[in-house]
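Dear colleague,

I am passing on the structure we spoke about, and my notes on it follow below. Please read them with the model open beside you.

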Amino acid sequence: MTDTMERTDAVGADTTVLEHWVNGKPWAGASDRTGSVYNPALGTVQKQVRFATRDDVGEVVDAASAAWAQWRDASIAKRQAVMFAFRELLNARKEELAEILTSEHGKVLADARGEIARGMEVVEFACGVGHLTKGAYSENVSTDIDVYTLRQPLGVVGIISPFNFPAMVPLWFFSIALAAGNAVVLKPSEKDPSAANWLASLLTEAGLPDGVFNVVHGDKEAVDALLEHPDVRAISFVGSTPIAKYVYETATSHGKRVQALGGAKNHMLVLPDADLDLAADAAVNAGFGSAGERCMAISVVLAVDTVADEFVSKVAERMKSLKTGDGTRGCDMGPLITGQHRDKVTSYIDVAGSDGASVVVDGRDVEIDGDENGFWLGPTLIDNVPTSSTVYTDEIFGPVLSVVRVEGYEEGLQIINASRYGNGTAIFTNDGGAARRFQREATVGMIGINVPIPVPVAYHSFGGWKASLFGDAKAYGPHGFEFFTAEKAVTSRWLDPSHGGINLGFPQHD
């Protein structure tokens with residue numbers, strides 16, 4: 001997959017190994033393959049994670065299938081009780097989870113807390129399962145005939161989550177999947193896998209029956225096993241566009257329903273009438289939060305020529321105050337997830353110069369509040385980026401903010417709509433007419449108006465257009481419950497005792 005490990009190691013006798021989680025407890029499986037889990041702020045290996053074989057995945061799916069046979073028949077009240085208990089435990093111990101996220105991903109503690117809070121919103125939404133899975137009833141559609149619909153769980157569902165949100169993205173999916181009555185097999189990123197086991201343990205403590213929620217760790221072998229297993233009914237995925245496309249095509253070819261959320265290149269259009277201080281704050285927050293490792297990060301600002309110089313100056317000035325370093329030290333931005341990823345992101349700064357762009361702030365020169373061996377790159381600002389440059393076209397997934405100068409609204413909109421991605425976009429303006437045009441005309445799934453990261457709240461659904469989403473179902477919200485349930489229509493007639501006679505003709509409405 002795209003999340004390539006730094007290296008794969010055999011397990012040593014004195015090495016801490018994170019095992020899979022199956023049937024309510026850790027499980028080693030048969031494989032002796034492992035991958036290294038780093039602390040990105042230190043650049044050191046802190047543990048190994050077990051990698052599953054195809055047979056291991058098969059055993060986990062079997063365990064989930066056996067547990068689902070009972071969980072599907074659990075009452076809505078029982079499922080709600082488990083989700084409410086899980087929510088309370090998560091809220092009480094969220095600081096513990098935040099520390100895990102910071103130690104393995106590198107994001108600062110404040111950002112980790114924010115990730116958990118956004119994930120908890122979906123847990124709270126899932127507690128409304130009783131209302132959200134109600135069917136419809138039509139009485140007497142024909143003489144003495146009623147029609148009604150039911151929403152029922154699918155069975156065993158697979159979730160493949162990315163490294164950038166190791167708690168939030170799983171919470172987006174499994175909260176709804178479990179509330180709807182499914183059993184879950186989660187395959188988290190091998191780069192920061194511990195949050196998945198922590199959440200699994202918390203679900204067990206909340207009263208979820210053993211085997212209903214399982215975690216299997218690994219690489220492409222484990223992923224392919226989930227995509228191809230005949231007893232896995234659905235796949236939820238978040239990651240890069242090439243892998244989202246692969247997941248969608250592979251899983252659908254094996255008869256599964258799929259929601260596969262891909263990559264992004266999110267634009268922010270700044271019009272001349274915008275509050276430039278607000279826009280500059282937004283660009284810095286949305287471009288460099290979580291070291292730019294967000295699918296909803298603003299990575300391109302389309303600045304109208306008449307205000308571009310002033311806007312770039314304001315952004316550059318704000319960047320001077322940002323503190324890059326260890327996420328446990330009160331810094332604004334932490335390291336990147338691996339040294340390999342850091343080096344890839346850094347290479348785009350060289351490309352920018354050769355393509356004629358201007359590097360206004362070079363993150364390679366940043367002073368670090370942390371260990372020198374961490375995977376560091378400071379916030380980077382590049383101006384006058386041509387749309388032909390890979391700095392513009394590629395999803396860099398790091399703290400690199402590009403500025404493309406445009407003549408006005410029309411050119412900015414044309415650039416946004418020409419992008420192969422359609423995840424999120426934003427416009428900054430005080431012109432209501434321009435904002436209304438933008439929300440109608442931009443071919444993007446999530447729109448912000450003076451909001452730089454327009455991630456919908458839990459009772460709306462999250463997802464983009466074009467190469468940012470494969471499949472018809474977005475994440476959480478109404479789409480979530482539709483995705484994790486199958487609708488069944490029942491046509492019913494209870495005969496009156498006086499009924500009699502035979503009629504072989506085609507049924508007619510009276």
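Overall fold and one buried glutamate

Of the 510 residues of the protein chain, 57% count as buried, where buried means under 20% relative accessible area, exposed over 50% and partly exposed in between, with a 1.4 Å probe and protein chains only. Please bear in mind that this is a predicted model, in which local features need pLDDT of at least 70 and side-chain atom pairs count only at pLDDT 80 or more, while totals for chains, interfaces and linings use all residues. Residues are numbered from 1 along each chain as its sequence is written, and side-chain values use heavy atoms, with hydrogens and water left out.

The chain holds 16 helices and 26 strands, which are DSSP runs numbered from the N terminus (helices H or I, at least four residues; strands E, at least two).

Glu104 lies in helix 3, residues 94-105, and counts as buried because its relative accessibility is 3%. Its side chain makes a polar contact of 2.4 Å with that of Ser194, a polar contact being a pair of N or O atoms within 3.5 Å, of which, within protein, one must be able to donate a hydrogen and the other to accept it, and residues adjacent in sequence count only if both atoms are side-chain atoms. Leaving aside residues up to four places away in sequence, Glu104 also touches others, including Tyr38, Lys47 and Lys191, with contact meaning heavy atoms within 4.5 Å.

Tyr38 in turn stands opposite Val45 in strand 6, and strand 5 (residues 33-39) pairs with strand 6 in the antiparallel sense over 6 bridges, pairing requiring at least two DSSP bridges between two strands.
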